[in-house]
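Let's take a friendly walk through this model, one packing arrangement at a time. Have the structure open as you read.

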Amino acid sequence: MDYSNKKICGPMVRCSTLAFRLLALEYGADLVYSEEIIDYKMINAKRNYNELFKTIDFTVDGTEKPLFQTSEKEKGKVIFQIGTNNADRALKACKLVENDVAGIDVNMGCPKEFSVQGGMGAALLKKPDQVKEILTTLVNGLSIPVTCKIRCLHTLEETLELCKLIESCGVKAIAVHGRFQEERSRMPNHDDFIREITKTVQIPIIANGGSNDIKNDEDIEKFRVNCNASSVMVARAAMWNSSIFRKEGTLPLDDVIKRFLQISIEVDNYFFSTKYAVQQMLHEELSSVRGAAVLGSLAGEEIYQIFGMLDQYNDLQQRKEDFFRFSALKRKTEEAENDEHKKVKENEKLIVRHAKYSKKDFREGVYTPKSILNAYTIQNKLPKPIYRTEEKLPEKVYKSTLEYNDFFYTTPYWEPNKKHTEQAAAMVCLESLGISYKHEDQKKKN
Ligand SMILES: Cc1cc2nc3c(=O)[nH]c(=O)nc-3n(C[C@H](O)[C@H](O)[C@H](O)COP(=O)(O)O)c2cc1C
């Protein structure tokens with residue numbers, strides 16, 4: 001992989017998800033960085049291929065949002081950024097994604113308290129031994145290129161020393177954000193430091209920090225020339241309007257937001273990530289009616305409605321439901337084939353019926369199927385109902401089986417709502433025992 005002559009979309013926590021990176025690539029970015037992912041979180045992630053959205057998801061058990069998600073569409077162009085203070089742990093985390101990404105970048109510039117106090121990000125700028133250990137471990141242990149992203153130190157001499165040390169570790173490029181650790185992004189960027197670095201090291205230097213003056217593709221090139229750099233990394237300006245990478249010119253913001261929302265549907269972007277990115281794109285009009293509506297939105301359909309894309313959003317929900325139903329059927333068939341004998345035995349005590357719990361059917365009363373069954377249990381001094389709920393990944397759907405008085409009750413469905421599957425299992429049980437639970441019957445009874 002060559003890091004020269006590249007327009008790069010920089011790493012941004014909460015923003016640089018797969019959907020956002022695909023948007024930047026579509027508009028002409030050559031490489032895209034993931035948001036920083038901390039090594040100790042990543043080492044617990046499991047890799048899954050999501051058949052519905054054709055994405056590769058790295059998710060930690062018990063969490064909903066993948067820590068990192070990628071797809072064939074960004075193959076060869078995505079750089080995974082790691083946050084670390086430990087060489088072995090960093091290597092372990094990077095090994096997990098080694099075959100799915102084009103390169104690894106070590107974040108050595110993050111000034112946030114969380115990073116610095118944990119000895120990560122900008123804390124590393126003053127720890128040459130640790131920098132050396134982390135970078136050489138990654139360079140020697142991985143088959144893909146390793147780079148790092150730094151900020152400038154207070155003197156040019158110190159900064160040049162650091163860059164020489166980094167180069168000696170075998171990294172393929174250095175991204176330099178031309179600000180000191182304590183400098184905020186509205187302050188001027190030290191383009192002069194970047195220029196001097198390019199004269200001191202041989203590997204490509206990626207200039208970063210120019211967003212305040214970048215409004216289009218030409219500005220990206222101006223920044224590159226001014227820094228004498230091989231490549232440019234753009235972060236905030238790309239977040240505000242990703243089409244700045246287009247050679248043909250920047251597009252109106254509404255077109256960009258709608259395209260982003262469409263891609264978010266295609267890769268099932270996590271709602272809060274979609275919301276965050278749209279908020280950033282609308283940063284100049286957050287006090288408008290539309291901006292306030294985005295800020296206040298609590299679910300995907302609200303944002304899609306604001307941008308007139310509710311039909312597309314509903315299509316997505318339908319696709320998901322169809323897929324879950326199809327997967328459940330497929331799994332059931334496979335289970336039946338693999339485990340025919342066991343199933344026959346279990347089936348003698350397993351009661352499967354169609355039942356779907358819907359909150360609105362019980363809205364006016366306090367009597368849910370589970371509470372009715374509990375009351376019946378207490379009245380008749382029976383053993384407590386036991387609910388066992390299975391989870392199926394990556395679809396994140398659930399099926400509950402109720403063990404009650406030596407029998408098992410369940411439905412044929414896998415559903416996205418865990419609590420509803422328990423209620424549905426209780427409905428199957430109540431129906432099998434001939435106990436009425438429907439709201440109308442309860443009203444008559446009372
Ligand atoms: C919302 C946000 C999140 C960021 N997250 C990261 C990150 O995860 N890793 C990193 O190295 N830098 C991160 N940065 C810093 C940017 O990558 C970049 O270095 C900085 O914004 C300067 O570049 P710019 O002028 O093009 O914005 C973040 C910046 C912003 C605004």
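## A helix across a three-stranded sheet

Helix α1 (residues 18-26) lies across β5 and β6, and its direction runs at about 40° to β6. Contact here means heavy atoms within 4.5 Å. Axes are lines fitted to C-alpha atoms, for helices over the stretch in contact, and angles run from 0 to 180 degrees between N-to-C directions. Helices (H or I, at least four residues) and strands (E, at least two) are DSSP runs, numbered from the N terminus.

The sheet itself is open, with three strands in the order β4-β5-β6 and antiparallel pairing; two strands pair if DSSP finds at least two bridges between them. β4 (45-50) and β6 (68-71) are the edge strands, each with a single partner strand, so one side of each has no neighbour in the sheet. On average, neighbouring strands of this sheet are turned by 20° against each other, direction ignored. β4 and β5 (residues 55-60) run antiparallel and are joined by six bridges, and Asn48 stands opposite Asp57 in β5.

## What kind of model this is

This is a predicted model: local features need pLDDT of at least 70, side-chain atom pairs count only at pLDDT 80 or more, and totals for chains, interfaces and linings use all residues. Residues are numbered from 1 along each chain as its sequence is written, and side-chain values use heavy atoms, with hydrogens and water left out.

The domain assignment, which is automatic or taken from a database, divides the protein chain into domain 1 (7-248) and domain 2 (340-445). Their C-alpha centres lie 50 Å apart.

## Two helix pairs

Helix α3 (residues 87-97) and helix α5 (residues 128-141) have axes that come within 9 Å and cross at roughly 35°. On the α3 side the contact involves Ala87, Asp88, Ala90, Leu91, Cys94 and Lys95, and on the α5 side Glu133, Ile134, Thr137, Leu138 and Gly141. These residues divide into six nonpolar, two polar and three charged; Ala, Val, Leu, Ile, Met, Phe, Trp, Tyr, Cys and Pro count as nonpolar, Asp, Glu, Lys and Arg as charged, and the others, Gly among them, as polar.

Helix α6 (residues 156-168) packs with helix α7 (residues 191-200) at an angle of about 45°, and their axes are 10 Å apart. α6 and α7 are therefore oblique to each other (under 35 degrees counts as roughly parallel, over 145 as roughly antiparallel, 65 to 115 as roughly perpendicular and the rest as oblique). This crossing of α6 and α7 is right-handed. Leu156, Thr159, Leu160, Cys163 and Lys164 of α6 meet Phe193, Glu196, Ile197 and Thr200 of α7, a set of five nonpolar, two polar and two charged residues.

## The four-stranded sheet

A second sheet to look at is open, with four strands in the order β13-β16-β15-β14 and mixed pairing. β13 (350-352) and β14 (386-392) stand at its edges with a single partner strand each, so one side of each is left without a neighbour in the sheet. Here neighbouring strands are turned by 25° against each other on average, direction ignored. β14 and β15 (residues 397-404) run antiparallel with seven bridges, and Ile386 stands opposite Glu403 in β15. Helix α16 (residues 369-379) packs on this sheet and touches β14 and β15, its direction making about 15° with that of β15.

## Backbone details

The loop between β14 and β15 holds Pro394, which is joined to Leu393 by a cis peptide bond with omega of about 5°. Arg14, in the loop between β1 (7-9) and α1, has a phi near 70°, a positive value in a residue other than glycine.

How values were computed. A crossing is left-handed if the near helix is turned anticlockwise from the far one by less than a right angle, and right-handed if clockwise.
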